[in-house]
Number of protein chains: 2
Amino acid sequence: MDVMTAIKGRRSVRSFTDQPVDQDMLLKLLEAAVWAPSAGNGQTWRFVIVTEETMMKKLKMVSPGLLGDPPAVFVIAQDMALSKQKGGQMGPETLTKMDSAMAAQNIMLAAHAMGLGTCVIASFHPGAAAKLLDMPEQIVPTLMVTVGHPAVKPPPPKRLFEEVYWFEAYNG
Amino acid sequence: MDVMTAIKGRRSVRSFTDQPVDQDMLLKLLEAAVWAPSAGNGQTWRFVIVTEETMMKKLKMVSPGLLGDPPAVFVIAQDMALSKQKGGQMGPETLTKMDSAMAAQNIMLAAHAMGLGTCVIASFHPGAAAKLLDMPEQIVPTLMVTVGHPAVKPPPPKRLFEEVYWFEAYNG
């Protein structure tokens with residue numbers, strides 16, 4: 001699928017069929033994730049893919065944003081100690097969030113091109129999710145992306161365009 | 001260009017030819033940006049595209065990460081007041097950074113598919129850049145993306161893969 005078609009066709013999908021996502025598809029999405037850029041090529045991201053039913057239920061209990069019944073969730077965590085070592089204070093506070101988000105966007109675009117639906121989720125309790133997933137102290141979940149076969153194709157929400165850009169200087 | 005080809009072929013380009021980027025290409029990249037997802041569909045992003053030589057020189061003076069001579073720079077700012085209103089404290093601190101990064105990734109992938117080179121930049125002085133670009137207090141630059149015709153095609157840096165993912169729980 002063409003890049004621009006994927007960018008414009010991707011939707012936030014929150015309703016999935018019961019069909020699981022094949023492991024080779026999940027690995028392809030991981031591959032898309034790790035080809036995102038990262039601050040100083042630090043690649044401080046760490047991914048846990050949850051597919052097992054009991055773990056998914058527990059994860060949902062600590063994640064208000066995790067709606068519906070996705071067959072798979074990518075938990076994008078960051079090694080905050082490594083990030084601080086590489087990027088100073090800006091690493092854990094800012095760069096890790098941006099790196100995770102760029103990796104998430106790659107996952108979502110690649111998934112859409114494969115006929116899968118996704119939704120990015122920032123509303124969860126990082127500490128509780130980390131404990132659940134056996135993460136040591138320096139590994140902190142930053143974003144989640146649900147993945148599954150879409151049960152519905154949501155309509156595109158209206159996009160602002162002319163209102164949000166200017167050339168050379170802000171003129172809002 | 002196919003999504004996965006763009007994801008894997010995109011490089012961080014820091015050396016550009018003198019050729020300017022056509023305005024219709026810049027607008028196409030903006031279109032890619034605004035089709036990124038945003039927290040609660042808030043679309044709190046605001047874009048200033050700098051192409052004018054004097055402004056570019058000034059912008060470089062406040063942006064240590066802005067290297068080389070790109071013919072265009074997307075300054076991705078956020079309306080922090082609007083973000084706080086929509087998402088509470090998590091808006092300005094976290095969601096704005098992630099939204100900007102997902103928009104940046106769309107710009108970079110779309111640009112690569114159009115034969116353009118890009119580099120995402122987080123190292124700049126937000127306050128100084130905001131002042132330079134006439135941004136009011138609540139509009140804060142979060143990320144920049146340089147855009148131009150690549151003078152070189154950098155080799156891909158090595159990607160971690162097997163070392164950075166696990167299924168069901170962290171096992172680092």
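This is a predicted model: local features need pLDDT of at least 70, side-chain atom pairs count only at pLDDT 80 or more; totals for chains, interfaces and linings use all residues.
I started with Pro37(B), which is buried at 5% relative accessibility (buried is under 20% relative accessible area, exposed over 50%, partly exposed in between, with a 1.4 Å probe and protein chains only). Residues are numbered from 1 along each chain as its sequence is written, chains are lettered from A and ligands numbered from 1 in the order in which they are written, and side-chain values use heavy atoms, with hydrogens and water left out.

**Entry: Pro37(B)**

I placed Pro37(B) in the loop between helix H2 (23-34) and strand S1 (45-50) of chain B. Helices (H or I, at least four residues) and strands (E, at least two) are DSSP runs, numbered from the N terminus. Which residues does Pro37(B) contact, leaving aside its neighbours within four places in sequence? From chain A I listed Arg10(A), Gln105(A), Met108(A), Val120(A) and Arg159(A); from chain B, Trp45(B), Asp99(B) and Met102(B). Contact here means heavy atoms within 4.5 Å. I also looked up Pro37(B) against Met98(B): they are 61 residues apart in sequence, and their C-alpha atoms are 9.7 Å apart in space.

**Entry: positive phi**

Gln43(B) sits in that loop between H2 and S1 of chain B too. Its phi is near 45°, a positive value in a residue other than glycine. Gln43(B) is buried, at 4% relative accessible area.

Glu168(A) lies in the segment after strand S5 (165-167) of chain A, and at 21% relative accessibility it counts as partly exposed.

**Entry: H5 against H5**

Next I took helix H5 (residues 90-113) of chain A with helix H5 (residues 90-113) of chain B. They pack at an angle of about 50°, with their axes 8 Å apart. Axes are lines fitted to C-alpha atoms, for helices over the stretch in contact, and angles run from 0 to 180 degrees between N-to-C directions. H5(A) and H5(B) are therefore oblique to each other (under 35 degrees is roughly parallel, over 145 roughly antiparallel, 65 to 115 roughly perpendicular, and the rest oblique). The crossing of H5(A) past H5(B) is right-handed; a crossing is right-handed if the near helix is turned clockwise from the far one by less than a right angle, and left-handed if anticlockwise.

Residues of H5(A) that meet H5(B) include Met98(A), Ala101(A), Met102(A) and Leu109(A). On the H5(B) side I jotted down, among others, Met98(B), Ala101(B), Met102(B) and Leu109(B). By class the contact has ten nonpolar, six polar and four charged residues. For the classes, Ala, Val, Leu, Ile, Met, Phe, Trp, Tyr, Cys and Pro count as nonpolar, Asp, Glu, Lys and Arg as charged, and the others, Gly among them, as polar.

**Entry: H2 against H5 in chain A**

How do H2(A) and H5(A) cross, and within what distance do their axes come? I have roughly 140° and within 7 Å. H2(A) and H5(A) are therefore oblique to each other, and H2(A) passes H5(A) in a right-handed crossing. Leu29(A), Ala32(A) and Ala33(A) in H2(A) meet Ala103(A), Asn106(A), Ile107(A), Ala110(A) and Ala111(A) in H5(A). That contact divides into seven nonpolar residues, one polar and no charged.

**Entry: salt bridges**

Side chains of opposite charge can pair when their charged atoms come close. My rule for a salt bridge was a side-chain nitrogen of Lys or Arg within 4 Å of a carboxyl oxygen of Asp or Glu.

Glu31(A) and Lys8(B) meet in a salt bridge at 2.4 Å, N to O. The pair crosses between chains, from helix H2 (residues 23-34) of chain A to helix H1 (residues 3-9) of chain B. Is Glu31(A) buried or exposed? Glu31(A) counts as buried, at 19% relative accessibility, while Lys8(B) is partly exposed at 29%. I also have a network of salt bridges linking Lys8(A), Lys28(B) and Glu31(B).

In chain A, Asp69(A) pairs with Lys60(A) in a salt bridge, closest N and O atoms 3.0 Å apart. Asp69(A) is exposed at 59%; Lys60(A) is partly exposed at 28%. In chain B, Asp69(B) and Lys60(B) form a salt bridge at 2.9 Å, N to O. I got 60% for Asp69(B), which counts as exposed, and 27% for Lys60(B), partly exposed.
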